[in-house]
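Hi,

Here is the structure I promised to pass on. Have a look at it first, then read my notes below.

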Amino acid sequence: MNDDRLQFWALYLARFAEGFGFITLITLLPYYINTLEPTGTTILGLTISAGLVVGLYTTGFTLAQTAAVVPIAWAGDRFDKRTVLLVVLGIGIGVYGLFPVVDSSLSFIAIRALQGVAVTGSGLMSLSLVGQLAAGGTRANYIGKANAASFAASIGGSLSAGTLYEAFGFGPIFAIIVCLLLVAWLGTLRYLEADETRIPGFPFADLALNRRILTLSSFRFQYAFSVTLVRTWVPIFAGVAAAQGGLAYGGLAVALTVVAEKFTNMCCQPFTGRLSDGYGRALFVFAGGGAYGLIALFVPLSPAIGAALGSPSELVVTVPTVLAGAALPAWLPAGTVPAQVTLFGAVSPAFLPLVALSGLLGIADSFREPASMALFADEGTDDGGVASSFGIRELVWRPGSVIAPLLGGWLMYEVNMASVFYVGGAFALTGVGSFLAILVWFHGTNALTEW
């Protein structure tokens with residue numbers, strides 16, 4: 001029998017490897033657009049514009065994810081989750097091995113769809129196995145650690161992908177991803193024990209009427225709109241031109257606003273997950289979701305906050321004198337080594353408050369996420385069908401993840417940039433409000449601390 005710690009570490013590695021591949025591909029999307037130069041086409045008499053083709057680069061992935069949830073979750077409950085995880089990791093190895101040889105928009109969209117299956121399957125199975133292996137009193141803590149591995153991959157992938165592409169092109173990047181997935185596959189095969197649970201029938205049908213899952217879904221459905229709006233528009237707010245309501249920061253500054261949220265979320269989730277195991281998971285869902293909504297309301301106020309606090313308008317880094325005789329990196333000015341090199345350019349006083357608010361969003365969400373996942377895992381484990389329980393959780397998120405970007409774009413151009421964050425914050429607050437009302441009405445006044 002394998003040590004439980006090794007089983008958990010194998011699952012963490014699987015989440016890291018698939019997360020690294022996912023975020024790397026997101027980062028490389030602009031380079032694929034430039035390389036493939038998508039154009040309009042006609043299929044069966046229907047004209048598809050170049051813009052729609054570019055949209056399919058992402059929508060094909062999302063649609064495949066949505067279609068894969070139910071069959072993969074059913075297979076995980078009906079058969080050995082370890083075997084299903086090995087299959088989807090194997091699909092991922094093949095998918096990322098094919099990306100360097102993509103030569104058309106059609107082949108890229110098709111491979112992205114397969115990537116959607118691999119990412120969804122890996123996420124569902126790894127989380128289901130973590131939730132199943134962990135004891136009830138420690139479940140959120142272990143799920144928090146699994147999520148931390150995924151966030152670590154997001155940070156590493158988003159910071160390294162562009163640099164590696166500029167230096168080496170597509171091939172070596174995907175070779176790294178394939179190697180990571182191969183190690184994860186071997187680790188899963190070697191250290192993860194076979195899953196003996198077998199759930200006959202179709203667990204989705206019973207779990208869809210589970211009162212606790214319905215109560216959680218009342219919050220999660222609305223919260224998906226909030227997180228998608230806020231998480232998508234923080235970098236847009238930081239990077240787009242001032243004429244469009246943004247702050248017009250450079251790439252490194254924008255990246256830091258994104259990384260701040262992921263970093264704090266990564267660092268806090270194991271700790272907040274352990275707290276929610278001890279003090280009530282529903283309470284942490286309520287507190288984390290409410291805090292996220294309130295912080296979102298302050299994001300468009302970051303220029304005013306920076307002005308009030310007297311934040312600096314430019315950040316510089318001093319170059320050590322020992323570099324004077326060394327070969328200069330490409331990003332340094334030609335000629336002699338300057339005493340100072342501008343790191344972020346002429347950023348406005350809003351920069352530091354925006355980074356801080358982004359970090360606070362990560363902390364708030366770290367209270368909500370492991371607690372929410374543990375509650376879904378609790379219900380799936382108790383009623384039979386932990387993979388189906390996570391599948392329902394995934395499906396409830398889908399409408400917000402698809403509709404919110406369209407809503408955000410409309411608000412940005414038809415109202416103003418700030419309205420995106422106000423609407424996003426409002427979705428989180430109405431979500432926790434309805435969650436609390438349903439908890440008290442159907443489950444009693446003590447449910448907030450008893451769940």
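Phe284 counts as buried, because its relative accessibility is 9% (buried means under 20% relative accessible area, exposed over 50%, partly exposed in between, using a 1.4 Å probe and protein chains only). This is a predicted model, in which local features need pLDDT of at least 70 and side-chain atom pairs count only at pLDDT 80 or more, while totals for chains, interfaces and linings use all residues. Residues are numbered from 1 along each chain as its sequence is written, and side-chain values use heavy atoms, with hydrogens and water left out.

Now the aromatic rings. There are 24 aromatic pairs in the structure (rings of Phe, Tyr and Trp, the last by its six-membered ring, pair if their centres lie within 6.5 Å; planes under 30 degrees apart count as stacked, over 60 as edge-to-face and the rest as tilted). In one of them, Phe237 and Phe421 sit edge-to-face, with 5.7 Å from centre to centre and 65 degrees between the planes. Phe237 belongs to helix α8 and Phe421 to helix α14 (residues 417-443), so this pair ties together parts 184 residues apart in sequence. (Helices are DSSP runs of H or I with at least four residues, strands are runs of E with at least two, and both are numbered from the N terminus.) Phe237 is buried at 4% relative accessible area, and Phe421 is buried at 0%. Back to Phe284: its ring and that of Phe367 have centres 5.5 Å apart and planes at 20 degrees, so the pair is stacked. Phe284 is in helix α10 (residues 281-298) and Phe367 in helix α12, 83 residues apart, which makes this a link between distant parts of the chain. Phe367 counts as partly exposed, at 28% relative accessibility.

Next, the charges. Side chains of opposite charge can pair when their charged atoms come close. The structure holds 10 salt bridges (a side-chain nitrogen of Lys or Arg within 4 Å of a carboxyl oxygen of Asp or Glu). Glu379 makes one with Arg212, and their closest N and O atoms are 3.8 Å apart. That pair also links distant parts of the chain, with Glu379 in helix α12 (residues 351-383) and Arg212 in helix α8 (residues 211-239), 167 residues apart. Glu379 is buried at 9% relative accessibility, whereas Arg212 is partly exposed at 30%.

Asp365 and Arg368 meet in a salt bridge too, at 2.8 Å from N to O. These two are three residues apart in helix α12, so about one helical turn separates them. Both Asp365 and Arg368 are buried. Arg281 bridges to Asp277, with the closest N and O atoms 2.6 Å apart, and a network of salt bridges links Arg139, Asp277, Arg281 and Asp378.

And which residues does Asp77 touch? Leaving out residues up to four places away in sequence, Asp77 touches Thr197, Arg198, Ile199, Pro203, Gly385, Val386, Ala387 and Ser388 (contact means heavy atoms within 4.5 Å). Asp77 lies in helix α2 (residues 50-78) and counts as buried, because its relative accessibility is 0%.

Finally, the overall view. The protein has 15 helices and four strands, and 50% of its 451 residues count as buried. Among contacts with a separation of 6 or more, 85% are between residues 24 or more positions apart.

Cheers
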